[in-house]
Amino acid sequence: MMLLQRVGPACHVLVLVLCLSAAEDFDWSANNHDSFYYGTFPNGFSWGAGGSAYQTEGAWDKDGKGLSIWDVFTHNKGKTFLNDTGDSSCDGYYKIKDDISLMKEMNLNHYRFSISWPRIMPTGIRSDHVNEKGVRYYDVLIDELLENKITPIVTLYHWDLPQVLQEKYGGWQNISMINYFNDFANLCFERYGDRVKHWITFNNPWSVAVEGYETGEHAPGLKLRGTGAYRAAHHIIKAHAKVWHTYDSQWRSKQKGMVGISLSGDWGEPVDITNQKDIEAAERYVQFYIGWFATPIFHGDYPQVMKDFIGRKSALQGLGTSRLPTFSSQEKSYIKGTSDFLGVGHFTTRYITQKSYPSNRGTTYFSDRDVAELVDPRWPDPGSEWLYSVPWGFRRLLNFMKTHYGNPMIYITENGVSEKMMCTELCDDWRIKYYKDYINEMLKAIRDGVNVKGYTAWSLLDKFEWDEGYSERFGLYYVDFKNQNKPRYPKASVQFYKRIIQSNGFPGQREVETWKRKATETCSTSNQLLAADPLTSHMEMVTEVVVPTVCTLCILISAVFLMFLLRKRN
């Protein structure tokens with residue numbers, strides 16, 4: 001089945017080997033995809049969940065908050081599924097204590113959230129105005145977390161650029177963003193750094209650059225093909241480095257915290273192990289994804305393969321210089337080593353094969369890579385059209401990071417799976433299996449020697465999912481968006497994840513099977529109660545006989561919904 005425009009027909013592959021310059025202690029030729037390891041994580045391993053400001057807070061125009069690019073983008077019709085917006089979303093702005101009680105119930109060690117730049121600086125410019133009501137909101141959130149012994153991990157930029165900076169300067173296309181972002185970060189260090197010790201500068205800058213400035217799927221919706229993504233990424237990398245140096249020189253000695261970045265990426269596995277071009281294409285895929293940002297931050301410059309491919313294609317276009325910007329020698333030194341830890345977001349894997357794109361057909365970030373992405377139709381895909389469950393790719397990606405970037409301290413900042421459901425379903429057995437298998441692959445990676453210190457389930461709550469609106473749900477907790485009070489209900493995965501946290505891993509097969517059985521029993525009861533709640537517009541009373549009928553109806557409605565989506569995309 002075709003997944004995306006750049007994904008070709010799926011293929012079946014029996015054994016795949018990735019021939020990288022890998023560490024000797026990881027066997028890239030091993031094909032033990034179905035094995036499960038029972039064991040525990042190191043003492044002090046941190047378990048958490050996450051969300052982001054625009055996706056969860058709501059209160060888009062309350063208490064002095066300024067406009068973000070996502071406010072403007074979603075208010076333009078046709079930009080998101082069913083024209084959904086994050087105007088109210090989960091109403092997290094008003095539910096700090098309620099949501100922290102959910103975290104406490106799961107025994108979370110940390111919670112990852114982001115600070116809305118326009119909420120505390122309405123125009124994005126510090127000298128214009130600092131919104132003290134917005135500052136106070138995050139003060140209360142941080143204090144409540146700490147009071148409940150939950151460590152805050154704070155992202156400074158999770159995509160909600162102040163609209164003023166987009167309108168005045170062109171956003172991340174403009175070099176002036178570097179200083180404006182540094183001023184914002186400096187204010188956050190000043191106001192919150194006495195309590196926050198884990199800072200993330202940018203969340204998934206790949207999406208910011210590619211989907212915001214290349215494809216236009218995300219805010220600000222620009223389609224600057226072949227140049228926009230590279231320019232935005234260049235400024236983002238330099239902005240990250242500047243913020244790291246600001247913390248290092250002005251705050252580290254007093255606050256003793258850490259500053260890192262969160263990079264998201266799929267794993268790429270070669271289709272044909274006998275074809276050197278496929279092997280090279282698979283590594284190129286990962287380098288164009290995570291390496292685009294990680295290589296400058298850890299080694300000072302872009303991956304050589306990006307410089308070679310984009311430079312060659314630019315020359316074939318008749319351009320005098322490469323469309324990929326260059327760093328000066330001073331900038332390379334300044335950027336290198338600017339990450340105290342590396343955040344890794346990961347969801348899925350692709351098979352990769354070589355595919356040459358002629359330069360006379362136009363150039364884009366995607367055609368610059370000369371790869372084709374494929375999926376195996378046997379991979380589970382319960383929700384997002386791009387998200388197939390391929391647990392073994394997670395371990396390979398983590399070993400890649402260890403090998404290429406000097407085994408940095410890693411925090412998993414995003415990992416989870418969605419579902420597309422038109423009606424309530426709390427028995428998310430597919431999510432239980434996803435978390436079980438992906439967390440186990442992370443445990444194997446730690447046994448390989450990868451320095452993973454923490455894991456963030458994505459996400460705590462169902463929330464606004466960008467251009468997909470509310471059609472996809474990633475949450476451990478179900479949120480009833482149609483109810484004005486936005487009540488939260490635990491899915492079965494809450495109980496399962498809680499058991500993993502309590503045991504710090506997987507003590508044995510019998511225990512893990514018991515966890516799943518008990519979680520499913522709990523959610524069956526919850527499903528009945530939820531179905532009986534008049535606020536959800538279900539029947540007043542639901543018996544055990546009726547519940548399967550409701551679930552069947554959900555499946556039928558979801559199937560019709562999926563057919564509609566497929567027809568829409570074709």
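Author: Happy to! One term comes up again and again: a residue is called buried when its relative accessible area is under 20%, exposed when that value is over 50%, and partly exposed in between. Tyrosine 365 has a relative accessibility of 0%, so tyrosine 365 counts as buried. Please keep in mind that this is a predicted model. Its mean pLDDT is 89, and 87% of the residues reach 70 or more. Residues 532-557 have a pLDDT below 50, although in the model this stretch has 26 contacts beyond near neighbours in sequence. Residues 564-570 also have a pLDDT below 50, with six such contacts.

Now to the rings themselves. The model holds 62 aromatic pairs. One of them joins phenylalanine 36 and phenylalanine 506 edge-to-face, with 5.1 Å from centre to centre and 75° between the planes. These two partners are 470 residues apart and link distant parts of the chain: phenylalanine 36 belongs to the segment before strand S1 (39-40), while phenylalanine 506 belongs to strand S15 (residues 505-506). Are both partners of this pair buried or exposed? Phenylalanine 506 is buried, because its relative accessible area is 0%. Phenylalanine 36 has a relative accessible area of 24%, so phenylalanine 36 is partly exposed.

Tryptophan 292 and tyrosine 365 make a stacked pair, 5.3 Å from centre to centre and with 20° between the planes. This pair also links distant parts of the chain, 73 residues apart: tryptophan 292 lies in helix H11 (residues 276-299) and tyrosine 365 in helix H14 (residues 365-368). Tryptophan 292 is buried as well, because its relative accessible area is 0%.

The charged end of lysine 436 sits over the ring of phenylalanine 36, 4.3 Å from the ring centre.

Finally, let's look at a cluster and a strand. One aromatic cluster is formed by Phe41, Phe45, Trp47, Phe394, Tyr434, Tyr435, Tyr438, Tyr455 and Tyr497. Tyrosine 455 is also part of a strand pairing, as the bridge partner in S12 of isoleucine 412. Strand S12 (residues 452-457) is mostly covered, with five of its six residues buried. Strand S11 (residues 410-415) pairs with S12 in the parallel sense over four bridges. Strand S2 (residues 46-50) pairs with S12 in the parallel sense too, over four bridges. In that pairing, alanine 49 stands opposite alanine 457.

Notes. Residues are numbered from 1 along each chain as its sequence is written. This is a predicted model: local features need pLDDT of at least 70, side-chain atom pairs count only at pLDDT 80 or more; totals for chains, interfaces and linings use all residues. Side-chain values use heavy atoms; hydrogens and water are left out. Rings of Phe, Tyr and Trp (its six-membered ring) pair if their centres lie within 6.5 Å; planes under 30 degrees apart count as stacked, over 60 as edge-to-face and the rest as tilted. Helices (H or I, at least four residues) and strands (E, at least two) are DSSP runs, numbered from the N terminus. Buried means under 20% relative accessible area, exposed over 50%, partly exposed in between (1.4 Å probe, protein chains only). A charge sits over a ring if NZ of Lys or CZ of Arg is within 6 Å of the ring centre and within 35 degrees of the ring normal. Two strands pair if DSSP finds at least two bridges between them. pLDDT is the predictor's confidence in each residue, from 0 to 100. Contact means heavy atoms within 4.5 Å.
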